[in-house]
Structures are given as C-alpha cells and as structure tokens.
Amino acid sequence: MSRGFSTDKLLHGGDYNPEQWLDKPEILRQDLEYFKKAGINTVTLGVFSWTTLEPEEGKYQFRWMEDIVEELYVNGISTILATPSGARPKWMADQYPEVLRVDGERCRALFGGRHNHCYTSPVYREKVKRINTELVKHLGHHPGVILWHISNEYGGECHCPLCQEQFRQWLKEKYGTIGRLNDCWYTKFWSHTYQNFEQVESPSPIGEHELHGLNLDWKRFVTDRTVDFLRFEVQAIREAGSEKPVTANFMYDFLGLNYRKFKEDLDIVCWDNYPAWHKKPEFLTALDSGFQHDFMRSIQGRPFLLMESAPSATNWQPVSKLRRPGMMALASLQAVAHGSDSVLYFQLRQSRGASEKFHGAVIDHYGGDDTRVFQEVSKLGQTLEGLREIVGATMKKEAAILCDTESRWAMKDAKGPRNEGLPYKDVLLGLYGAVRSFGVQTDVIDMEASLDGYKLVVAPMLYLFRCDIQKKLADFVKQGGTLVMTFWSGVVDEYDRCYLGPAPGGLTDVLGLRFSEIDGLYENERNQLIPVSHSHSENEARGEGGQKQQGKLQCSMFRRSYSCHSLCELVHITTARPLMVYGEDFYAGEPAVTCNSYGLGKAYYLCTAAELDFYKDLMSEIIPNLFPDRPVLSVPDGLEVTVREKEGKRYLFLQNFNRKPVDVKVAWDYETCLCGEYPVDEEGTGTVKMFDTVVLRG
C-alpha cells in the first residue's frame, strides 16, 4: 500500500555511476566539488551496478558504495538507492539460462541488453532477493539514503513455459470456466474455441495473434506480472528491515504496461522525460511534455518526481539536438510547474564508453566546470533552492481528460476503419491543449478514477468501455458536469466485444444520438466542418430516419468552417442539437458536432478529427462559463499557465515557449515574484522573456 514520500527540498541531481571511475579517485573527488558548485543535492546510485556489487555469485563488494554514500551524506547530498535488477550479470545468464526471456516466436534470448530477464523465473527472483537483502544490510538504514529506486524502466514480456503456466492460472482465476473465456473472447470466430485452459498460449506472430480478447488479456497479464515482480522486490527490502519509501521510473507514453496498476505499490511516481526539443515549434513539444507530466501526477493525484532528463542532447534519438540556451531550465521547471518535486538528470558524469558515451551529462568528457551545460545546471540549482517552499504543493481539480491504457490497447488492435494513422494522439493533444490554453488545470485519468470534483471531462476516442464508465459519465452530466466526447467511443466492452444495439454503449440518451457509420479518409482526403447557421437548406442536418431537423438548427457558437480528417463518423440525432455539419461527400449536411442537454449538464459530441483551431474555439465557448476565476483570462499562444497550491498559497507559473517575449496580464493578485523577471506596465500587463519561467506567489 502506498504510503507517500516527502522531502523538504526540490531534489536536484541525477544518475551517478561512480563504479565506472573507481580506478580514478581524483575524478570522484572532483565530482563531489562540482556537485556542490552546481547545487546538486541528490544522486541516484546503483541502477546498473550488479556486476560491481556481486562480480561472482555470492561474493559481494559493497565497500565502494558505502564509502560514496557516506561521503555524499557528509557533504549534504542525499542518495536514491537503486536495486540492480534492470540488468543481470553475465555469470547469472551463463549458469541459469532460464532467467533470460523467451520471445513471441518462442526463442530464448542470448545474454545482453537491459530488461532481458523473466519476471516469473524462481531463479531470477531468488538472485534479486539476495542482492536486495545485501543492499539493505549495508545501506538500507543509512541516513543519507532517502528513497529506494526499484529496478529501471520496467518493460518487455516473456513467453517462456513458466510465464505460459502463470498466464493460464491468471485466466482461470479471471474467468473460472473455459466456456466463459470462449464467450468473452468470441472464439467461435475462425473456429478457435478452446476445450480447456491448458490449450491457451500467449499471442505469437507464428501462431494466434488476431484473437483480440487474447491479445488484450495478455497485455493485462504482462502488467500484472510486472507489478507482481515489483512487489516481490519491495517485499525483499521490507523483509530485510528497510522501511524507506520506494519508487520505480516510468517512460514516455509507454503502452507496454498500464502504469496506473502500480499506484498502490509505489510511495511516489517518477518518470524519465526526453522530449525532442526544437524539432517542431517548442510550444507543441511543451504541450506533449506537459500532458505526460499531468498523466504521471494524476496516477496518484499528488506530486511526482522527474527521475531522468537530459541536461543537454540525448544520444539515442534519430537526431540528437542540443538544447538551446534556456531550454533545459524551461523544460525542467515545466515539470515542477506540473507537480514534480525534483529535477534529476541522466547523467551526472558522461560515460567514457559503451552505448551512452555521447549522451549529454552535467560533467562531460572534457571534465571542466566552465561548460555552457554546467553553468546552466548551476543556475537552475540556485533557482530550485529559491523555490523550496513549493515542495509538496498540489494542483486543484478542475478538468479531466480520459486517457485509458486498456482502451488504447484494444483500439490499436481493432482492425477497424483506420489501421494506419489512427488520429488518437492528434485528437487527444488537440483537446488537452485547448483546455490548457485557457490556464485550466487538467488531470489525465482512466476509467477507474472517480469523476467527483471535476467541472469538465473530456473523453477522446474512448473505444473500449469498462469500470461502468457509462454510468459515471451519465451521473457526471446529470449532476451538472460538462462532457466532451468524440467519435469511435463506446464501441466495445471490456472484453473487446462490440456492443449490440445503440452505441456509444449506454450513453445514447446522454449524448442525444446514436452511431450509424464511420468513414475512413485516405491521407490526402479532407472534409469540412460547417457551422449550422452557415449551412444551406439542402444540407440541413438529418436525424433519426433521415428527417430534416429544422427545428433544431439554431445558431452555432462557431463563426467559420474548419478542416477535418482521418475519420468521419455518421450519427442519427434524437435530442442533440447539431452545431456543425459535414460540408462534403455523400454525407454533406449530416451532423458533425452536437450538443445535448441532459439533467443539469451538457454533453458535446465531436464526430471527426479536426484542425487544432477548432478545439480551441470549442473550448472558448465552454471554459469561460465553467472557470470564470482563471489566473490569466487571455493566454497568449505559446505561453503555458499552471498553478500549484499549498497551505493557502497559490504559485502561478508563466512559461514562455516562444522564441520571442510575450505580454500577459495576470488577473489574480500576487505578493511576489519568486522566479524570473516580470516587469509590469501601468495597465498591469507584464512581459515574459523568450524561454523564461516566471513564478508568482499569491
């Protein structure tokens, strides 16, 4: 059960690998001086140190780590101590080949890589328990150790016989009988009915891989196996006597696991953020990065940690672009704005060899403290010290966007109207960005979450319905909430079986319409969204049975037409009011955007994927009424507005992702400027410099 993690400072530092420099003590001494100069107060140790800690089975060498943790501690630097299970030693793979993974084609891997180990293997679990127990014995009670970092970037799957047996047991516990499994997986299709659980195997490219219920449950099982392994690691630490909090680092938009299933087993969520800055306009990259920060914060609904970020260029992206001056600090403070209580880097000192020798670092191969990167890190360290009072600050519930991993799994596997170029991310970020462009705080939740406390819920392409989401959304709207839902929602149930009858399943009354057809557009095709008040009489929207809905053609909130793409859904409206209609093709004049009153609230339905301006114009009619007390009533393009709150204080972050200064007027009263420069004219309008962050306390 999650217990939480607290700190009295914004953690600043990152991954440190002193085992690579044990033969050069002068470098280790220099590192310590540089850390203090740069305001580094926390390091992560031991992530990939297994072979140094246990060079031969049962022969341990911990003195070097003990000495370094102690030296860091007496110099005011805390340690996040990692378990080394993210990469096993060569001796283990040679002596116990069962620890290596088996792929979908049933081939066992050779030694190498990182996460190349079976989470089910009793041998691997035994070896992990032993090394974790030794870690606790030597350092688990050291006052300098503040947090356990469990493994590293969990991911991947194993199809070995041990995992196959666990999968069958998992299915038995879930379904009870083979008949129920066959029904839920719809195995009569292609005559793939199972007679018993022993016949079931994991999906394979050389076998069964198009039975969608099987694919979906395998992904759920892989998550459960990974969570079980995490619990095993944590239990080993607890049994050895350490009660220090634990975390595990997550990755960007990773669909290999359902990260929300980890929330009860971690004391704090952390993640590794490596945006490709300067590849496109910075505000677009910031939008994507901000979404991921909000996703991670929303897993537990409290502050998280930025565990890894690049102080300079990465070395594994297609193009390893340098961060422009100011961008490292701007990106780091964006994490803090969205709820992070840390800015941690990979890596503190650049490796001399192997696969990440050119990955950016605070201290590079030159080894001096007069580099641009070191100077920027040092300046950020001072800034973070000045923002210490923000530690632990939370974010107010205002809007939520539903982004459900299991629904995404199913939708990607659907074999539906568009199997390449599915516009999910475009629609998701388009709507998220539209809400955030008004300075409204936005949680990113899944269907297991409660909707209590939100005024606005956005549900883009929620293909699969589970956890009784229909009732949650219906109650939310009935009680006065505003729902924005899109096409390709409520198509299948939790087993990936299509709903029979009107769809979206269970929400047709709330939305005032039902699904009819969906048209996949080729890459070069576009349609138009035309405001109802601008449509011609012959293109009037048609509802149930094809009758013209003349009485419902009221003036739309929109004043121009918009381009739409990828998918165009056709609906029959009942009680919904059409706001926009399609402008082209055989369904010209059919409803494309609708609004329905239900109970005390409203439900909007978007039948297609549109250009970005459409989403912002839609929210310009929704948000001012729902959130009149916004900190910035008119947010300039490229400026991100975020608020954290603590003990009656509000911390307003203004971040300029433009390559020019922007003027902005703050509607709230504030006491002082904690960060950045914010000169204000006589009319109360201030200026935020290019790539700068301003933090106002009010």
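**A buried aspartate and its surroundings**

Asp217 counts as buried, at 0% relative accessibility. The model is predicted. Asp217 has a charged partner: it forms a salt bridge with Lys174, and their closest N and O atoms are 2.7 Å apart. Asp217 sits in helix H8 and Lys174 in helix H6, so the pair ties together parts 43 residues apart in sequence. Lys174 is partly exposed, with a relative accessible area of 31%.

Side chains of opposite charge can pair when their charged atoms come close. The whole structure holds 48 salt bridges. Lys261 forms one with Glu448, again with 2.7 Å between the closest N and O atoms. This pair links distant parts of the chain, 187 residues apart. Asp446 forms a salt bridge with Arg466, at 3.5 Å. Both Asp446 and Arg466 are buried. Salt bridges that share partners join these residues into one network, which also includes Arg220, Asp404 and Glu406.

Now the cysteines. The count of disulfides is zero. For Cys403, the closest cysteine sulfur is in Cys467, 14 Å away. Cys163 is buried, and Cys403 is buried too.

Last, two helices. The axes of H9 and H13 come within 10 Å and cross at roughly 85 degrees. The helices are therefore roughly perpendicular to each other. Among the residues that meet are Leu287 and Phe291 in H9, and Leu428 and Tyr432 in H13. The contact residues divide into five nonpolar, two polar and four charged.

Terms used
Residues are numbered from 1 along each chain as its sequence is written. This is a predicted model: local features need pLDDT of at least 70, side-chain atom pairs count only at pLDDT 80 or more; totals for chains, interfaces and linings use all residues. Side-chain values use heavy atoms; hydrogens and water are left out. Axes are lines fitted to C-alpha atoms, for helices over the stretch in contact, and angles run from 0 to 180 degrees between N-to-C directions. Helices (H or I, at least four residues) and strands (E, at least two) are DSSP runs, numbered from the N terminus. Angles under 35 degrees count as roughly parallel, over 145 as roughly antiparallel, 65 to 115 as roughly perpendicular and the rest as oblique. Contact means heavy atoms within 4.5 Å. Ala, Val, Leu, Ile, Met, Phe, Trp, Tyr, Cys and Pro count as nonpolar, Asp, Glu, Lys and Arg as charged, and the others, Gly among them, as polar. A disulfide is a pair of cysteine sulfur atoms within 2.5 Å. Buried means under 20% relative accessible area, exposed over 50%, partly exposed in between (1.4 Å probe, protein chains only). A salt bridge is a side-chain nitrogen of Lys or Arg within 4 Å of a carboxyl oxygen of Asp or Glu.
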